[in-house]
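User: Could you walk me through how to read a few features of this model? I'd like the general idea each time, then the case here.

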Amino acid sequence: MRKLVVLAITGFTVAALSTPAAQAKSVATTHFAATTTEAARTVTAFWTPERMRSAKPLDLLDVAPGAIKDVARGLPTVVPGAAIQSFPNGGAAWTSGGAVVKTAGRVFFTYQNRTASCSGDAVTSANKSTVMTAGHCVKLGGAFHTNWAFVPGYDNGSTPYGTWTAKSTHATPQWVASEDINYDIGAAVVNQLNGQNLTDVVGAQGIAFNQARGQNMYAFGYPAAAPYDGTKLIYCSGKVFNDFLLSQGIGMTCDQTGGASGGPWFLSFDEGAGTGIQNSVNSFKYNFFPNWMFGPYFGADAQNLYNTAQAG
């Protein structure tokens, strides 16, 4: 039996999808988190530097495959980004600076009474407070995570741009209903910090939906499982390919590990400026192809999720 593993916290089953017509009308599911000032302070206090350093991805578990159908498509949509470059790379520390070192960050949360971590990215949004991540980085095993926070530019316990607590987290309806790997997409709306909105502080990357497959892309994340330790922003780059095994996702050669889940994949990435157009997130690996990493295709449901989050 073919099996796959996700990059951070796992334990979901690939399930049959709904029809494209039903998918187009779906609405992202919202979970309200730290909605008061006191609640936000509690979450911020919870995430001490020591707790951040000790937060680790959970074991990579096997996933039983189910029936697979097409991911719903809509009209191509792009919130503008930057110019393209392509330098193939299977996994290395990002040392070129630029906008990505501020927009990308680690995601921290409590899952089944354990502290855990993923990755995320600040994107252009109407509320200036939207973070894109993986679905399993906001909800897993029937429950949404608690103590959810985003730390852009995380640096080994240091929070150079602050700790941004979630007032709501969101996931595609297919992920919420059955944790379907094709729709492993999540988002968070974070509270203001010191009277400022997230993207006014760290900037924002573009985001796109229903784009052509097979393009050059860059993937970023904070992997925390060996050989990585969660202290550095890691990237991969190269031409992506369609998953020809169990999902409708896209893949690239990349050795990122647990903790990288939810990190952004960029089209049109400019290495000098560190800017691009987000078009997927780190999601899963097959245990028999450890040097490939996969992300969900950003179609109509990903766009609905983004629209719901940015309106929050």
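User: Let's start with Phe289: is its side chain buried, exposed or in between?

Analyst: Buried means under 20% relative accessible area, exposed means over 50%, and partly exposed is in between (1.4 Å probe, protein chains only). Phe289 has a relative accessible area of 30%, so it is partly exposed. Phe288 also counts as partly exposed, at 35%. Keep in mind that this is a predicted model, where local features need pLDDT of at least 70, side-chain atom pairs count only at pLDDT 80 or more, and totals for chains, interfaces and linings use all residues. Residues are numbered from 1 along each chain as its sequence is written, and side-chain values use heavy atoms, with hydrogens and water left out.

User: How many aromatic pairs are there, and how are the rings of Phe288 and Phe289 arranged?

Analyst: Rings of Phe, Tyr and Trp (its six-membered ring) pair if their centres lie within 6.5 Å; planes under 30 degrees apart are stacked, over 60 edge-to-face, and the rest tilted. The count here comes to 25 aromatic pairs. In the case of Phe288 and Phe289, the ring centres are 5.0 Å apart and the planes sit at 65°, so that pair is edge-to-face. Both belong to one aromatic cluster, together with Phe241, Phe244, Phe284, Tyr286, Trp292 and Phe294.

User: Which charged residue sits over the ring of Tyr154?

Analyst: The rule asks for NZ of Lys or CZ of Arg within 6 Å of the ring centre and within 35 degrees of the ring normal. Over Tyr154 you'll find the charged end of Arg106, 5.0 Å from the ring centre. Another case is Arg51, which lies over the face of Phe46 at 4.0 Å from the centre.

User: On to disulfides. How many does a search of the whole structure find?

Analyst: You look for a pair of cysteine sulfur atoms within 2.5 Å. The search turns up two disulfides. One joins Cys118 to Cys137, with the sulfurs 2.2 Å apart. Cys118 lies in strand β6 (residues 114-122) and Cys137 in the loop between β7 (130-133) and β8 (139-140), so the bond ties together parts 19 residues apart in sequence. Strands here are DSSP runs of E, at least two residues long, and helices are runs of H or I, at least four, all numbered from the N terminus. The angle about this S-S bond is -85°, a left-handed link, and both Cys118 and Cys137 are buried.

User: What is the handedness of the Cys236 and Cys254 link?

Analyst: Its torsion about the S-S bond is about 65°, so that disulfide is right-handed. The sulfurs of Cys236 and Cys254 are 2.0 Å apart. Cys236 is in strand β15 (residues 234-239), and Cys254 is in the loop between β17 (250-253) and β18 (264-270), 18 residues apart. Cys236 is buried at 0% relative accessible area, and Cys254 is buried at 1%. With the bonded cysteines numbered in sequence order, the pairing reads 1-2, 3-4.

User: How enclosed is helix α7?

Analyst: Here you count buried residues along the helix. In α7 (residues 300-310), eight of the eleven are buried, so the helix is largely enclosed by the rest of the structure. Among those buried are Ala300, Asp301, Leu305 and Tyr306.
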